[in-house]
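Visitor: I have a few quick things to ask about this protein. Please put it up first.

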Amino acid sequence: MTRIYTCNVPIEADLVDAFCWLQKGFTDQFVYYDKARACRYMGLGRCIALPSLRDVEYECGEGSPLREVAAGEAAGGVPACGDVAGGACGTAAGATEGHMPADEQPPVFFSFNRFDATNPAPADELMASFPHLRFMLPEIVLIENERGRFLQVNSLGPVYPGRVARFQRMVAAAPARASETIPFTLQPDSRAAWDAEMEAALDAIDAGRVQKVVLSRRQRLVAERPFSSKDLLVNLIDGDARGTVLLYRYADVFFCGCTPELLVRKQGGAVESMCLAGTCPVGATPEESAALADELMDDGKNRAEHDYVVQLIRGVLDRVCYNVDVPTTPQIMTLSHVQHLFTPARARVLAGITLADLMEDLHPTPAVAGTPVGEAKMLLRVIEPYNRGFFAGACGFVDGDGDGEFSVALRTGVFDGESGWVYAGCGIVAGSDATAEYEEINLKLRTILSAFGA
Ligand SMILES: C=C(O[C@@H]1C=C(C(=O)O)C=C[C@H]1O)C(=O)O
């Protein structure tokens, strides 16, 4: 058993301001920040990394160490952080619904997983520099969820109240964040190479090997001046990009972006997923966007691309869940540059199935690999001239009760503070056109490029 000691204190500060202020001394950084809902987790530092959460237990203490310290009380005079008697306990594997008092928050583990972790081809040296770790517990997590806003301090021994108090003071003193615009140049990737990749994909479809394959492009970005992970984070959070902002920084290198695609969310027995595939541009006016969306809804090729995803997600949920609800007709999701066909999926999970199990069963979906998934992954290993690393991987968080969520890391890039790579892809089916797909990827790339500011 690994025992985690967790202390949570309520905070009032803006989460992003607090993160920007605290992040300076920490090279390990983790963000999962849903821009539309209070599902925001921002982690700093390295407490422990574990391959599985099955043998983890935690003690969750509450209280206000700031008040204790300010009042000059000796440790132990009031319920201490990590004190079993004063806190809730739990295990990640044995989650039960709603056993926690509303103001307590189990420890939050982050998990960033590669698109194709067993691909033997080496990833670029930025992606390759990240460790292969499964569940990473930061020392500090700033949290905003349905329970409120918290500062969480995690430790492998009883949490030292002075540490909590110090971070609490820093959070309270956080100034408003500033945004930076970072000028950059994007080096063009080879159009001839794209045409050759498209041809190989269409040949594989003609030969009946796959029905769909999701090809991606990667472009090199060089900034005109140094930038930080914080600069990109602030622009993604405060800019037009819609969805969930992801960041994983390890030492000097960071992977980040803003994805619209939820892979799976689990809260107690309730599970949600999302089928997202089929794309058209946003119009210059709301009327034009609506007309483009109508065309997308009626387009057989896009509906077929979408339907492969629906079939896979419904199939997985039918196997490991019950009360599965996946509507038969998609809706439209409108983002800042593109619109997608979107079908929400809901179910109740069978007892004993964990969030990690769901993530592994669902990922990768035909929205990012193709159909059949294994055949498409194999084809991508051959066609794409690079290993995707975290691009299109499953990235998210799991808490000590086994609840959490993963998104598909789309509209992302990897950087070292001076240069990096940006990624985007699109689904190819019979009849797909190389120029149209190339331009669709250009539109999708705009999301990660918006991280560089106006
Ligand atoms: C692969 C990407 O997006 C995926 C592909 C889509 C498509 O082909 O229509 C739509 C949404 C995503 O599932 C990407 O953004 O890189």
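Guide: Terms first: helices (H or I, at least four residues) and strands (E, at least two) are DSSP runs, numbered from the N terminus. This is a predicted model, where local features need pLDDT of at least 70, side-chain atom pairs count only at pLDDT 80 or more, and totals for chains, interfaces and linings use all residues. Residue numbers start from 1 along each chain as its sequence is written.

Visitor: Where is P364 found?

Guide: P364 sits in the loop between α9 (355–362) and β20 (370–371).

Visitor: Which peptide bond has omega near -10 degrees?

Guide: That is the bond from T371 to P372, and it is cis. P372 is in the loop between β20 and α10 (373–383).

Visitor: Is A251 buried or exposed?

Guide: A251 is exposed, because 11 other C-beta atoms lie within 10 Å. The cut-offs: buried means 20 or more other C-beta atoms within 10 Å of a residue's own, exposed means 12 or fewer, and partly exposed is in between, with C-beta atoms placed from the backbone. A251 lies in the loop between β13 (244–250) and β14 (253–259).

Visitor: And A392, buried or exposed?

Guide: Buried, because A392 has 28 other C-beta atoms within 10 Å. The loop that holds A392 runs between α10 and β21 (394–399).

Visitor: Switching to helices. How many residues of α1 are buried?

Guide: 6 of the 8 residues in α1 are buried, so the helix is mostly covered. They are L15, V16, A18, F19, C20 and L22.

Visitor: What do the buried residues of α1 pack against?

Guide: They pack against β3 (40–44), β9 (140–145), β10 (148–155), α4 and α6 (229–238). Contact here means C-beta atoms, placed from the backbone, within 7 Å.

Visitor: Which residues of α1 meet α4?

Guide: A18, W21 and L22 meet F167, M170 and V171 of α4. By class, that contact has 6 nonpolar, no polar and no charged residues. Ala, Val, Leu, Ile, Met, Phe, Trp, Tyr, Cys and Pro count as nonpolar, Asp, Glu, Lys and Arg as charged, and the others, Gly among them, as polar.

Visitor: At what angle do the axes of α1 and α4 cross?

Guide: At roughly 120 degrees, and the axes of α1 (residues 15–22) and α4 (residues 161–172) come within 9 Å. Axes are lines fitted to C-alpha atoms, for helices over the stretch in contact, and angles run from 0 to 180 degrees between N-to-C directions.

Visitor: Now the ligand. How many residues surround the ligand?

Guide: 17, and the closest are T279, A367, A424, G425 and G427. Near means that the C-beta atom, placed from the backbone, lies within 6 Å of the molecule or strand. β12 (212–223), β16 (270–281) and β24 (419–429) each give two or more residues to that shell.

Visitor: What is the shell made of, by class?

Guide: The shell has 8 nonpolar, 6 polar and 3 charged residues.

Technical notes:
Two residues are in contact if their C-beta atoms, placed from the backbone, lie within 7 Å.
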